[in-house]
Each structure stands twice: as C-alpha cells, then as structure tokens.
Amino acid sequence: MLRLRFWLLLLTNALIAQALPTQERRDADFASVRTELAHDRSGKRRDPLDKYFHESTFHPHYDGRFAASKLPEEQRKPALTALVQTYFSTMSTIGAQTWIMHGSLLGWYWNRRIMPWDSDVDVQMSEDGMRELAGYYNMTMHNFDFPSMEGDRRGKGRGDAKGKRRSYMIEVNPHYTNASTADLHNVIDARWIDTETGLFIDITTLRRDREAEARGYKGHMYSKDKHLILEDDIFPLRDSVFEGMPVKIPYAYAELLEGEYGRKALARSSVENHRWDRERMEWVKIV
Ligand SMILES: *[C@@H]1O[C@H](CO)[C@@H](O)[C@H](O)[C@H]1NC(C)=O
Ligand SMILES: *[C@@H]1O[C@H](CO)[C@@H](O)[C@H](O)[C@H]1NC(C)=O
C-alpha cells in the first residue's frame with residue numbers, strides 16, 4: 001500500500017560543489033562534500049587514479065566521505081528503504097527513466113521488498129535519463145523530511161521526536177560518456193548517496209550495443225558492469241511497487257531472474273539463513 005505520509009518533501013536542489021571553470025575535471029573530494037567527519041575514509045588513496053567513485057575503507061557499500069562505520073543491522077534496513085523511496089520519488093519528479101534490477105528485482109519478486117540480507121540496491125537507467133542527470137543534476141542535494149524515522153545515528157543533533165531531515169546527493173561519473181566496458185574502473189555511471197549514513201544506490205546506464213547492432217543483432221543492450229541484456233526483456237517497463245513506492249520493473253522479469261540466479265531462486269524457501277514464511281509473506285531469520 002502507498003504510504004502517502006511518506007511523500008517526501010522535496011525542499012531544495014542546491015549545488016554544493018562546483019569545480020572552477022578553468023580547472024580540469026576532478027572528482028568531488030572529501031574536503032568539498034564532507035559534512036561532519038574529520039577523517040577521510042573515502043578509500044580514494046588506494047584506488048587507481050582514473051577511478052571516479054571510491055568505496056569506503058570499511059565496507060564497499062558505503063561512501064567514506066559521509067560515514068566512518070557501517071550502520072548497525074537494525075538501522076541499515078530502514079536506511080535502505082528510505083534510499084529506495086527517496087530515489088524513485090526524485091527520479092519520477094526529474095522524469096529520468098529508471099527501474100530495479102538484479103538483487104532488488106529478486107526481492108521485489110518475493111514480496112516487493114528489499115531482501116533482509118541485502119546491503120545494496122540495484123537500479124538501471126536509460127541513456128536519456130543519465131544525460132539528464134549529468135547535464136542538470138550532478139552534485140545536487142535533495143532534502144527529505146521523515147516524519148517517523150528513528151533518531152540520528154550519532155545519537156544527537158539533527159534528529160528529534162518529530163522526525164528528521166536527510167539529504168541525498170546525486171553524483172554523476174564524468175566517465176559516463178565512455179561507453180566502453182574496457183573502462184573497468186568506472187562501471188558505475190552515477191550514485192544516489194545518503195549523505196548521513198554513506199549508503200548509496202549504484203546507477204548503471206542501459207546502453208545500446210551499437211557494434212552488435214551494426215552486425216545485425218537488433219535490440220542488444222548492455223551496461224558497463226558487463227550485463228548483456230535484450231531490449232525486449234526490459235521494455236516496455238511494467239508499473240509496480242517496491243518498498244511502498246511506485247517503481248518500474250523490466251517486462252520479462254521472470255526470465256531475467258532465472259537467467260541471473262537460476263530457476264531455483266524463484267522457488268526455494270530457504271536461503272542466506274532465512275526461510276520464507278508464506279503466511280507473513282516475509283523472509284524470516286532462522287535462529
Ligand atoms: C560532477 O561533479 C563533480 C564535482 O564537481 C565532477 O568532478 C564531475 O566531473 C561531475 N560529473 C559530470 C558528469 O560532469
Ligand atoms: C574509455 O576508457 C578506456 C579504458 O580506460 C580507454 O582506453 C578509452 O580510451 C576510453 N575511451 C574514450 C572515448 O575516452
């Protein structure tokens with residue numbers, strides 16, 4: 001069911017970092033975007049020079065510019081849910097075409113939710129959508145008020161009994177224009193980042209495979225993380241709901257899931273130390 005209360009309020013789109021026009025493109029470093037942290041855990045120092053996005057030194061699914069540690073498990077789930085809701089709400093306002101894929105699509109298949117053991121969210125975006133983000137929304141901040149979210153992870157400050165505000169940032173990899181899968185260090189085209197917890201959604205562009213098309217293979221598509229996909233498996237997108245938000249899902253979702261995870265993934269009733277509870281329609285931890 002739609003939680004209308006949750007219709008998160010889009011408050012400001014402010015550019016928070018701008019490179020000087022005369023300078024070369026650089027990535028958005030710790031100093032330009034950090035919020036409250038004193039130490040850089042971005043992981044940038046050990047990454048190859050041409051890699052744009054950096055994963056934190058403590059976990060690959062966190063942005064170390066915004067967080068110093070992993071969230072406790074009981075806070076991770078609500079933070080991921082909020083990440084999904086704010087992402088789809090913002091992309092729908094912007095008009096960028098995007099849909100869930102991979103592990104998130106598998107979670108959707110079972111009960112329209114993120115699987116409890118997942119620590120990330122997978123989405124794809126159309127080439128037009130990515131151009132739109134890069135052209136007009138790079139480094140924009142999007143603030144949402146959460147009426148009911150539990151207090152601040154640092155246990156003080158911005159959270160209060162009435163709810164709290166969180167800021168999310170869109171950041172687009174300048175290498176998104178390089179369509180080559182040889183660009184190994186830049187397979188993620190953009191991120192939707194929770195600037196309080198450091199959690200993010202990786203956004204990959206679904207691209208036309210123009211070389212394959214020139215050889216007569218119509219409708220062959222791919223993303224830079226080397227997923228090969230047929231246009232007919234994705235389009236026309238279907239309307240559905242994920243974590244209480246209206247979302248798009250690929251047309252041939254069952255075939256895609258079977259291809260990626262095997263037929264068993266759609267039928268098995270226990271996995272990752274969880275069992276499927278048919279009555280509650282939920283994955284329950286086996287204790
Ligand atoms: C987005 O902004 C950052 C920070 O200014 C910059 O390094 C990056 O190149 C920009 N991305 C695009 C696609 O322009
Ligand atoms: C894309 O990236 C690859 C790998 O870094 C590089 O060899 C190639 O020159 C790049 N292409 C363009 C058009 O920048």
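Visitor: Which residue has an N or O atom in its side chain that is 2.3 Å from an oxygen atom of ligand 2?
Guide: This is a predicted model, in which local features need pLDDT of at least 70, side-chain atom pairs count only at pLDDT 80 or more, totals for chains, interfaces and linings use all residues, and side-chain values use heavy atoms, without hydrogens and water. Residues are numbered from 1 along each chain as its sequence is written, while chains are lettered from A and ligands numbered from 1 in the order in which they are written. A polar contact is a pair of N or O atoms within 3.5 Å. The side chain with an N or O atom 2.3 Å from the oxygen atom of ligand 2 belongs to N178.

Visitor: How much of the accessible area of ligand 2 does the protein cover?
Guide: The surroundings of ligand 2 are N178, A182 and D183, where a residue is near if one of its heavy atoms lies within 4 Å. Accessible areas come from the Shrake-Rupley method with a 1.4 Å probe. Of the 360 Å² that ligand 2 has on its own, the protein covers 34%.

Visitor: Which residue in the turn between strand 10 and strand 11 has a positive phi?
Guide: Strands are DSSP runs (E, at least two residues), as helices are (H or I, at least four), and two strands pair if DSSP finds at least two bridges between them. Strand 10 (residues 238–242) and strand 11 (residues 245–249) are antiparallel, with five bridges, and F242 has M245 as its bridge partner. Two residues lie between the strands of this hairpin, and the one with a positive phi, of about 50 degrees, is E243.

Visitor: What is the phi of M281 in the hairpin of strand 13 and strand 14?
Guide: Strand 13 and strand 14 run antiparallel and are joined by four bridges, with D277 paired to E282. Four residues lie between the two strands, and M281 takes a positive phi near 55 degrees.

Visitor: Which residue in the turn between strand 12 and strand 13 has a positive phi of about 50 degrees?
Guide: Strand 12 (residues 270–271) pairs with strand 13 (residues 274–277) in the antiparallel sense over two bridges. S270 stands opposite R275. The hairpin has two residues between its strands, and the residue in question is E272.

Visitor: What is the omega of the peptide bond from F235 to P236?
Guide: P236 is located in the loop between helix 6 (231–234) and strand 10. The bond that joins F235 to P236 is cis, and its omega is near -5 degrees.

Technical notes
Polar contact = N/O pair within 3.5 Å; in protein donor to acceptor, adjacent residues only side chain to side chain.
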